[in-house]
Amino acid sequence: MKSRDLIKKRILIVGANGLLGQRIIAFYQAQENVELLGCSIEEKPTFENTPYINCDITVREEIKNTIFNFYPDIVINAAAYTNVDLCESERATAWKINVKGVENIVEACRSLDAKIIHFSTDYIFNGNNGPYDENVKPDPVGYYGRTKLASENVLKIGAVTYAVLRTNVLYGIANSRPDYVRWVINSLRSKQQIRIVTDQVGNPTFVEDLVTAVNKVIVSDQYDVYNIAGKEFINRYEFALQIADMFNLDKKLITPIVTEELKQPAKRPLKGGLIITKAINQLGYNPHSIIEALEIIKKQLSL
Ligand SMILES: NC(=O)c1ccc[n+]([C@@H]2O[C@H](COP(=O)([O-])OP(=O)(O)OC[C@H]3O[C@@H](n4cnc5c(N)ncnc54)[C@H](OP(=O)(O)O)[C@@H]3O)[C@@H](O)[C@H]2O)c1
């Protein structure tokens, strides 16, 4: 074993209480040779057995002190303002968290030469002709997408070593707000009729696959922009039917509709999704199929 393999990597997970943040924490808790710290805006962590600091990335001194005191090799930023509709009405807050917050992280990391792993979305594209590879010119149709694109640009000009992992329709179980899968299960189990769109297409991403991709970037030291998503391109209605099938729920409660009927505040890219060939070839990324992922979730939920 080389001597540098014996030195523990110091990894800071920002936004550690979110869906992705929690799963990254859980992954690295099980790894040796990692010194882990989680931070997020909430007073308390949603997890145990890992140090946690309450820290708001929009407050420059707070995130700077957190980063300087821990002195990480790598900062993984899973914090974001992710409510797509609220981003339209709460533009200043969305910009502050998704763009200014990233500027604050980049500034502190630049001083320490810490590497950054950040997350983005297929909402940076207009959804006219997806799926998209990493080289397509972005053209967001909503404010959330605009802030996420701006966050990528902050990294691009930030003079830091960084990776951006773009993802879409993240699903998986964490101790936080229900993801799409749990929302469908909960609704159908309580016999609630749900209306799901047939015209929004993507390749849903099992959160554990995204976590594996994060680790592949770190281990292979290939910092770059990658699309990290699932294997199958399906619309949200088809996805809901697969969930109902897996959990033996009543599919008749799911009504197909089109996006226009929802009258949502934020415009969505319809034909979205991300081509994952680069991650497969360069990182050896190999995501689960939806059925495999749902089987794992079923076990996790002990249903
Ligand atoms: N979920 C998806 O379908 C999806 C799709 C594409 C890309 N992504 C990207 O993937 C990443 C992770 O998403 P996610 O679904 O895990 O998000 P999430 O569950 O909403 O988690 C984000 C976390 O960041 C925290 N946070 C918000 N403002 C903060 C601040 N000022 N300082 C520190 N922490 C703050 C949130 O706290 P509160 O909850 O208390 O605000 C939450 O714990 C994000 O970059 C997102 O844009 C997600």
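D221 sits in the loop between α7 and β11 (225-227), where helices (H or I, at least four residues) and strands (E, at least two) are DSSP runs, numbered from the N terminus. Residues are numbered from 1 along each chain as its sequence is written. The model is predicted: local features need pLDDT of at least 70 and side-chain atom pairs count only at pLDDT 80 or more, while totals for chains, interfaces and linings use all residues. D221 has a positive phi of about 55° even though it isn't a glycine. This residue is exposed, with 9 other C-beta atoms within 10 Å; the cut-offs are 20 or more other C-beta atoms within 10 Å of a residue's own for buried, 12 or fewer for exposed, and anything in between for partly exposed, with C-beta atoms placed from the backbone.

Helix α7 takes in residues 207-220, and at 1.5 Å a residue its 14 residues should span 20 Å; the end C-alpha atoms are 20 Å apart, so the two agree. (The expected span is 1.5 Å times one less than the number of residues in the helix.) The buried residues of α7 are V207, D209, L210, V211, A213, V214, V217 and I218.

Now for helix α6 (residues 180-189), whose buried residues are V181, V184, I185 and L188. These cover an arc of only 95° around the axis, so they lie on the same side of α6; the arc is that of the directions from the helix axis to the C-beta atoms. The cover over the buried residues of α6 includes β7 (170-171), β8 (194-197), α8 (236-246) and α11 (290-301). Contact here means that the C-beta atoms of two residues, placed from the backbone, lie within 7 Å. After α6 comes K191, with a positive phi near 60°.

Y71 is another residue with a positive phi, about 55°, although it is not a glycine. Its place is in the loop between α2 (60-70) and β4. With 11 C-beta neighbours inside 10 Å, Y71 counts as exposed. The backbone also has a cis peptide bond, from G130 to P131, with omega near 0°. P131 belongs to the loop between β5 and α5 (143-156).

Next up is D85, found in the loop between β4 (74-77) and α3 (86-89). D85 is partly exposed, with 15 other C-beta atoms within 10 Å. Leaving out residues up to four places away in sequence, D85 touches Q264, P265 and A266. The C-alpha atoms of D85 and R10 are separated by 36 Å, and the two residues are 75 apart along the chain.

R10 stands opposite E35 in β2. Strand β1 (residues 9-14) and β2 pair in the parallel sense over 6 bridges, pairing being counted if DSSP finds at least two bridges between two strands. Strand β2 (residues 34-40) is mostly covered, with 5 of its 7 residues buried.
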